[in-house]
Amino acid sequence: MPRTKLTQTAPLTRRSFLLATSAVSVLSLAPLTAWALSPSFDVEAFIALSEKQVGSTDLPKDIATAMLKAYSGLGKENALAALAAGKKDPDLTNSLVTAWYTGESPDPNDLLVLDYTEALIWQAMDYTKPMGYCGGAVGYWADPPEA
């Protein structure tokens, strides 16, 4: 039977143990980003992210609250926080912009319309109005618009 060669390792000293545990604790913090250290992604942060993504200001807080709740229900709260911190996520960005422009919930299984008359699509298409929304007094459409 062949003999195996045993290698001798350095004895574990108090100093080497403390250095190893210090290195492990510091390295465990390395992958954390700034968004992970924040307590939560709140409505104000969601509005700031949304305004940056859609290029609009004064987004309604009540719609933002409902939209953030829908994203949270989908488990996208951390992904939104990462997007706000600068991480690229084209699918989430498109979903966010689509939700604001259509006024629909970002949850594909939810048929909820968060906002219809104030959806951003009507600002982009200022030559028309939401269906069922009165554009003026009776017969307003008979006279051509002023130049």
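**Helix packing and buried residues in a predicted all-chain model**

The protein chain exposes about 11,200 Å², of which carbon and sulfur atoms supply 59%; accessible areas come from the Shrake-Rupley method with a 1.4 Å probe, and for residues only the protein chains shown count as cover. The model is predicted, so local features need pLDDT of at least 70 and side-chain atom pairs count only at pLDDT 80 or more, whereas totals for chains, interfaces and linings use all residues. Residues are numbered from 1 along each chain as its sequence is written, and side-chain values use heavy atoms, with hydrogens and water left out.

The protein chain has 7 helices and 0 strands; helices (H or I, at least four residues) and strands (E, at least two) are DSSP runs numbered from the N terminus. Of the 147 residues in the protein chain, 22% are buried, where buried means under 20% relative accessible area, exposed over 50%, and partly exposed in between (1.4 Å probe, protein chains only).

Helix H3 (residues 43-54) packs against helix H6 (residues 90-102) at an angle of about 90 degrees, and their axes lie 10 Å apart. Axes are lines fitted to C-alpha atoms, for helices over the stretch in contact, and angles run from 0 to 180 degrees between N-to-C directions. H3 is therefore roughly perpendicular to H6, a term for angles of 65 to 115 degrees. On the H3 side, Phe46, Leu49, Ser50, Gln53 and Val54 meet Thr93, Leu96, Val97, Trp100 and Tyr101 of H6; contact means heavy atoms within 4.5 Å. The residues of this contact comprise 7 nonpolar, 3 polar and no charged. Here Ala, Val, Leu, Ile, Met, Phe, Trp, Tyr, Cys and Pro count as nonpolar, Asp, Glu, Lys and Arg as charged, and the others, Gly among them, as polar.

Serine 50 belongs to helix H3 and is buried, with a relative accessible area of 0%. Beyond its neighbours within four places in sequence, serine 50 is in contact with Gly55, Leu59, Leu96 and Trp100. Serine 56 lies in the loop between H3 and H4 and counts as buried at 13% relative accessibility.

The largest nonpolar core has 21 residues, of which Phe41, Phe46, Met67, Tyr71, Leu80 and Trp100 touch the most other members. Such a core is a set of buried Ala, Val, Leu, Ile, Met, Phe, Trp, Tyr and Cys residues joined through side-chain atoms within 4.5 Å. At least two residues of this core come from each of H3, helix H4 (61-73), helix H5 (77-84) and H6.

Note on methods:
Parallel < 35°, antiparallel > 145°, perpendicular 65-115°, else oblique.
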